[in-house]
Amino acid sequence: MDMRLSNRAVLEVRGLTKRFGGLTAVKNLGFDVNGGEIFGLIGPNGSGKSTAMKSVMGIERPTSGEVIFEGENVAGLPAHKIARKGFGMVFQHSRPLNRQTVLENILVALLPDSLFMLFPDKALVERAKWIAERVGLGNVMNRRPPTLPFADLRRLELAKAIARDPKVVLVDEPFAGLTRAEVDIFSDLIRSFRDEGRAVMLVDHNVKSVAALVDRVLAMYLGEEIVTGRADEVMKNETVRRVYLGGAIETHARPETSFKDKVPLLQVENVSVFYGKAQALENVSIHVHEGEFVSIVGLNGAGKTTLFNTISGFLPYSGEIVRGGDRLRGTSPAKIARSGLVQCPESRELFGEMSVRENLDLGGQHLSDDKRAAQLAWLFELFPILKERQGQMAQTLSGGEQQMLAIGRALMMQPQILILDEPTLGLAPVILEQLSKALTKLRQTTSITVLLGEQNVTFALPHADRVYVLEHARIVWEGDPGRFAAEAGADFL
Amino acid sequence: MSTFFTSRLFFISLALVVIAATLPLYVSGYVLGLLTVAFYFGVFAMAWDLLFGFAGEVNFGPTFLIGVGAYTAGILNAQFGWSVYPCIVLGALASVIAGLVLALPALRVRGPYFGLTTLVAVLMLQNFIVVFADLTGGEIGLTIPDVITIDAGANYWIALGFMTISAAILYGLSQSPIGLVLQASGQDPVQAGALGFNIVKHKLAAFIVSAFFSGLSGALLVFYFGTASVGTVVDVAVGVNVIVSAVLGGRRTVLGAALGAIFLIVAGEFLRPTGELATFIVSAVALLVVLFFPGGFLGAALSREARS
Ligand SMILES: Nc1ncnc2c1ncn2[C@@H]1O[C@H](COP(=O)(O)OP(=O)(O)OP(=O)(O)O)[C@@H](O)[C@H]1O
Ligand SMILES: [Mg+2]
């Protein structure tokens, strides 16, 4: 390393502020990241982590402040210029080129920003192959993204971000949606970036994994720094505990015999689903009583979303789905939803260009005016942030805020049976706790029936009266949450 | 890219061009005339697909670029007596310049607004032509004294050759690194920026290429028609035909766009005896294809090949 630079951080951020209209998303933030260091950024949903990263990368133009890279202030430059200086960013939501192979997708990241390159260099292709191997995509180089499992798509994002050998790597929520084992592999990859001397900035809500990975961490709240330091110190900080970590989630399962309905409200009997030749569900049978909370636990790709989509009427199936004594086959998805079986999908499906309030009103459009107002008031008590942000466009909400809005919209439909598909994806611990409390309250004050799909068992277990484990398209375990750890938890805990 | 020359698509295209080149030996002048126009439309549609399919920008006004090229060439020839070839070259250049003037501000706005800007440009061009009737021939159209040749076979070969070369260039471009970057910026502009690509620059380049081929084809077309009129090269309905052709043939395939254009023009002609119904039938077919084969002709064929 150059002597002049050796005592200087690769990335220095000073007084970084980003305002969106009246909202200050990032306020006077300052930190240094050294080469060969992983610097974490934690904070509740909407605290400004992604905005801070985007401001560093030039995707958002900082309102004020300096972003100094190797002594040069790059704040205010457009993203493509900053990228070429030596920055790479891993995005949460990836949209790879679906008609190109994995290798070609990586190749794109290596191309120069020139209008005169008509044929890709041989050397670039070799480098793309090397990068593919490096992130563990060696076996799928020639496949197309739509055929890849989720974790491989995330690997592809990592590959693109480090393709041009950046000195600063920004990683936003790399662990969301990954299984325990995959999180470990990704942690190793990110660690290897550090060992190559890069400066790594990391955001994620998986507190355990972040704490194990980072050298230093900055906790932020409402756009401002609370404290910066070693992970264990920061996690002990009183304010961090209060605004971010929250308390433990309490458990309270009710025995199945306590549900009075003789015939369960929802019965899925021997359901099989195929996508082309691939079997996505194999003779799946589950049942849910009225008022019961049932969790379906399963890793990515086990078939949770397929099961929910089948119940909601989106997919053809063999077997039977019976609700309240009536077979659902042949009923359209719209009719199923209107009759009170509401799914809150993993992909959220918000109306991005409509406001928070409009999204909620759409959910509650079948209600009379005063009922809707009452439901809205109740919902705002559950998710106060949605009340504050009524006028904001849904697509500009932070990841976690969007998740809350999706759940909120489903609740506005006053469902009889609510299906929540991976509701914890991208939520801060403290919000998990809030959501947890909300679900508990829901359970105590309404007769709502909930079917919850999760791979985050620390969230799924406490709320469940009963748990099913879905593995490779089949139900492999059923029981109460108390027995889960001993009998089925190996893959999850 | 290198695999293209051994791919089935390449051999099919080659065979089609060879067969098409022999047509003047045994079909009537009427059929040749029809196909000549269809080939020029094929270029319009391919140029459009480069913008929409790759850069992800919906240009609702392909006839703005076509019309500027066509009228510039026509006016220079009819009003100023320039000879044919300089007129054609200047037509193409004028289209590029007009495209730049339009795209520079329009590419700054996101989403549907780009499309709206291009649509407004067509309407402005149309108005301009009507208002400055002394120069442009107005609503009646502009009669163009010169032609490239009057031989139907020669005209046909020129159009075929022009389309083939354009197809080779546009397809090659779409498969080159530039095509990849364009697709990446169309797909996810934020990420493309973060990967270090100046999106505006790339999209602008795509627009210029699209404008060049549209203008050139438009200029050639007026010398074939012998007239330039709003109804044939500027009207919004003409633009809609170009768009329908490209979508019908298969978005992001470039070559499919040419097939779509040929289909649309030939089908329209075959159905001419049905009168007003013709447009309706062709539109209905187009709608069905879009609804049931959203990939278009070539998209559907390619994905079948990929599956087998
Ligand atoms: N373009 C925008 N316009 C208006 N407000 C915005 C915009 N982008 C972000 N915000 C707001 O700024 C705040 C910070 O958002 P940011 O995405 O940085 O949060 P975050 O810390 O990454 O949260 P999460 O953990 O949920 O991803 C949020 O309240 C968000 O709603
Ligand atoms: Mg975020």
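These legends describe close-up views of a predicted model, covering the interface of chain A and chain B and the shell around ligand 1.

**Notes for every view.** Residues are numbered from 1 along each chain as its sequence is written, while chains are lettered from A and ligands numbered from 1 in the order in which they are written. Because the model is predicted, local features need pLDDT of at least 70 and side-chain atom pairs count only at pLDDT 80 or more, whereas totals for chains, interfaces and linings use all residues; side-chain values use heavy atoms, with hydrogens and water left out.

**View 1. The interface of chain A and chain B.** Chain A puts 30 residues in contact with 25 residues of chain B (heavy atoms within 4.5 Å). The buried area is about 2,500 Å² (accessible area, 1.4 Å probe, that the two parts lose on being put together, summed over both). Carbon and sulfur atoms give 61% of this area. On the chain A side, A:Arg95, A:Arg99 and A:Leu115 lose the most area, together 25% of what that side buries.

**View 2. A salt bridge between the chains.** The side chains of A:Asp113 and B:Lys201 meet at 3.6 Å, N to O.

**View 3. The chain A side that touches chain B.** Helices H3 (79-86), H4 (102-110) and H6 (150-162) of chain A each give two or more residues (helices are DSSP runs of H or I, at least four residues; strands are runs of E, at least two; both are numbered from the N terminus). H3(A) gives the most, with four residues.

**View 4. Ligand 1 and its shell.** Of the 21 residues around ligand 1, those that come nearest are A:Ser50, A:Thr51, A:Arg389, A:Ser398 and A:Glu401 (a heavy atom within 4 Å). Strand S2 (23-33), helix H2 (49-57) and helix H16 (399-412) of chain A each give two or more residues to the shell.

**View 5. Polar atoms at ligand 1.** An oxygen atom of the ligand is 2.7 Å from a side-chain N or O atom of A:Asn45. A polar backbone atom of A:Gly400 lies 2.7 Å from a ligand oxygen atom. For A:Glu401, a polar side-chain atom is 2.7 Å from an oxygen atom of ligand 1.

Key: A salt bridge is a side-chain nitrogen of Lys or Arg within 4 Å of a carboxyl oxygen of Asp or Glu. A polar contact is a pair of N or O atoms within 3.5 Å; within protein, one must be able to donate a hydrogen and the other to accept it, and residues adjacent in sequence count only if both atoms are side-chain atoms.
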